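Subject: Structure handover

Dear colleague,

Please find the structure below. My notes on it follow.

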Amino acid sequence: MIQEGLEHINKYLTDLAAFTGQLPQQIIDCFLKQYAQLIPTNNWNHYSKYFTHFLDGGFSGTIESTPSVTIRRKCYKLFKKEHPNTWQDIHIKFEDSTHYTETGKTASQWQQLFNKSVKRFTQLFSALSKAHGIEGAFVMVGSIVNQDTSLGHAYTTPSTEDFFMERCHADNNAIIGHFKAHI
């Protein structure tokens, strides 16, 4: 019964994405923001990470080299005023981008991040194909030669299934291997 419900939701989401021209993930994000905020986000914490990352030391009123809460609060208000419609999205995109540059992650954490990225790109390509008839292919691999051997994925939209075989004379595994050789 649950599986039927999930299939119905998936079909409705796909139809809505095709009708609106938005990606399914955008629709899901919009839904979660409006209706399913079970764990409310703490925007102050998001901003604090953003603020700390871009801190250049040019502030006055510091306590042990860290800007006081008062200064940070004023900067936060100015930031929201400067970006009235996008300030929350800026924080989310900033946090997403930090995942890709963090060091010290375990192999399983990198695997999870890689799988999440593959899923996002696959959804994006599928949505573009369904909504606009855009076809494409991508190859993703890990960038650390001896450590990321299991990180590799090749994807093609339905109309380009044989792209790698026709153009490169290689199946998905071979194209991943060729791509890794160029990293």
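A residue counts as buried under 20% relative accessible area, as exposed over 50%, and as partly exposed in between. Phe163 has 33% relative accessibility, so Phe163 is partly exposed. Phe164, at 7%, is buried because that value is under 20%. Please note that this is a predicted model.

Overall make-up: the protein chain has 8 helices and 4 strands, in the order α-α-α-β-β-α-α-α-β-β-α-α along the sequence. Of its 183 residues, 24% are buried. Taking contacts between residues at least 6 apart in sequence, 47% join residues at least 24 apart.

Aromatic residues: there are 5 aromatic pairs. In one of them, Phe121 and Phe138 have ring centres 5.7 Å apart and planes at 50°, so this pair is tilted. The pair links distant parts of the chain, with Phe121 in helix α6 (residues 107-132) and Phe138 in strand β3 (residues 137-141), 17 residues apart. Phe121 is partly exposed at 39% relative accessibility, whereas Phe138 is buried at 9%. Phe163 and Phe164 also form a pair, this one edge-to-face, with 5.5 Å between centres and 70° between planes. Phe121 and Phe138 belong to one aromatic cluster together with Phe125 and Tyr155.

Surface: Ile2, Leu6 and Ile9 make a nonpolar patch of about 330 Å². Ile2 lies in helix α1 (residues 2-20) and is exposed, its relative accessible area being 67%.

Regards

Terms used: Residues are numbered from 1 along each chain as its sequence is written. This is a predicted model: local features need pLDDT of at least 70, side-chain atom pairs count only at pLDDT 80 or more; totals for chains, interfaces and linings use all residues. Side-chain values use heavy atoms; hydrogens and water are left out. Helices (H or I, at least four residues) and strands (E, at least two) are DSSP runs, numbered from the N terminus. Buried means under 20% relative accessible area, exposed over 50%, partly exposed in between (1.4 Å probe, protein chains only). Contact means heavy atoms within 4.5 Å. Patches are made of residues with over 30% relative accessible area and no salt bridge: like charges are joined within 9 Å, nonpolar side chains (Val, Leu, Ile, Met, Phe, Trp, Tyr) within 5 Å. Accessible areas come from the Shrake-Rupley method with a 1.4 Å probe; for residues, only the protein chains shown count as cover. A salt bridge is a side-chain nitrogen of Lys or Arg within 4 Å of a carboxyl oxygen of Asp or Glu. Rings of Phe, Tyr and Trp (its six-membered ring) pair if their centres lie within 6.5 Å; planes under 30 degrees apart count as stacked, over 60 as edge-to-face and the rest as tilted.
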